Amino acid sequence: MNWSKSMLFASAAVLALSAAAAQAENMPKRIGYVTNYATHEWYQNVIKGMQARAKELGIELEVQDANLDVAKEVSAAEDFMAKGVDVLIITPVNEEGVVPLLRQAKSNNVPVVLEGNPVKGMTTMVAICDYDTGYTAGVEAGKYAQEKLEGKAKVMNVGLPLLSATVLRSQGFMDGLKTIIPDAVMVHDLDGGGNPDRALEVSSAALAKNADINIIYGINDSSSLGGLQAWKAAGKPQDGLLTVGTGGEGLAFTMRCRTSRPTGSRPRCSRKRKATPPSMQRLSSSTAKRCRNTSSARPRR
């Protein structure tokens, strides 16, 4: 009996070592990551996380920033493939601009992992369900408006129409909001560029034309902050205003909320934090589409 147990243990150990060796053999040695906007706090955190994990696994990671320029993104990705990276990771600046890169990578047998935004022809993507993120924030905003804003919801959406993911956040927010306040309206639908300077500029122009809003929604915290700064610059009172941000990538938004409210009052700023995937998820284009379709078919509550 002892001999039998020893043999079983030895066999299990051999299998475990073989599996570990196979895993090590299949582990990529070099990874190239092309981010869309490295100066943004969210992607600074993404890069830090990648670097920490790569170091832990003994992988060489190189990062290039497209700085919201499709041509730079294509050039950086092609450069990585020319260098012979084992895996290419891309956060698309523009989804259509990445389609030729996927074909090129496939012809060169280079696996591509997309971050954040689905692209036609993809095989692997790591992302949240952006519609659900916006939807949940919209429901909570609706509850607040029902209780604190006399049941009225007039929204200035500081969006980013360049990316389908951020469009889905805005759509989800309005749909979620309308489950609580059916007559909620979007007064302004803006392109804030995903950064506070552009968000401030377009929000200021919009408020100059029509300031009859009581909710600012931003597709990320920078967009929300830009909208809030525009509201303050216009000399508008913050009582009766709800500002909702998506991301939770930095402290600027929280600190702005804390310092801009009257002493002793509660903040009216809300943040919907992005979910961090526990591991890479392999998603086909149809899977990503199902996430959106399932969300949009969500029953009214």
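A salt bridge here is a side-chain nitrogen of Lys or Arg within 4 Å of a carboxyl oxygen of Asp or Glu. The model is predicted, so local features need pLDDT of at least 70 and side-chain atom pairs count only at pLDDT 80 or more, whereas totals for chains, interfaces and linings use all residues. Residues are numbered from 1 along each chain as its sequence is written, and side-chain values use heavy atoms, with hydrogens and water left out.

**Stop 1: the sheet.** Helices (H or I, at least four residues) and strands (E, at least two) are DSSP runs, numbered from the N terminus. Select the five strands of the open sheet, which pair in parallel in the order E2-E1-E3-E4-E5; pairing requires at least two DSSP bridges between two strands. Strand E2 (60-65) and strand E5 (125-126) are the edges, each with a single partner strand, so one side of each has no neighbour in the sheet. Next, select strand E4 (residues 112-115), which is joined to E5 by two bridges in the parallel sense. Leu 114 stands opposite Met 125 of E5.

**Stop 2: the helices on the sheet.** Axes are lines fitted to C-alpha atoms, for helices over the stretch in contact, and angles run from 0 to 180 degrees between N-to-C directions. Helix H4 (residues 95-107) lies across E3 and E4, at about 155° to E4.

**Stop 3: salt bridges.** The structure holds nine salt bridges. Select Glu 62 and Lys 83, whose closest N and O atoms are 3.0 Å apart. Glu 62 belongs to strand E2 and Lys 83 to helix H3, so this pair ties together parts 21 residues apart in sequence.

Then select Arg 169 and Asp 130, a salt bridge with its closest N and O atoms 2.7 Å apart. Arg 169 is in helix H6 (residues 164-180) and Asp 130 in helix H5 (residues 130-148), 39 residues apart. Both Arg 169 and Asp 130 are buried (under 20% relative accessible area; exposed is over 50%, partly exposed in between; 1.4 Å probe, protein chains only).

**Stop 4: confidence.** Colour by pLDDT, the predictor's confidence in each residue, from 0 to 100. The protein chain averages 81, and 74% of the residues score at least 70. Over residues 262-268 the pLDDT is below 50.

Note on methods. Contact = heavy atoms within 4.5 Å.
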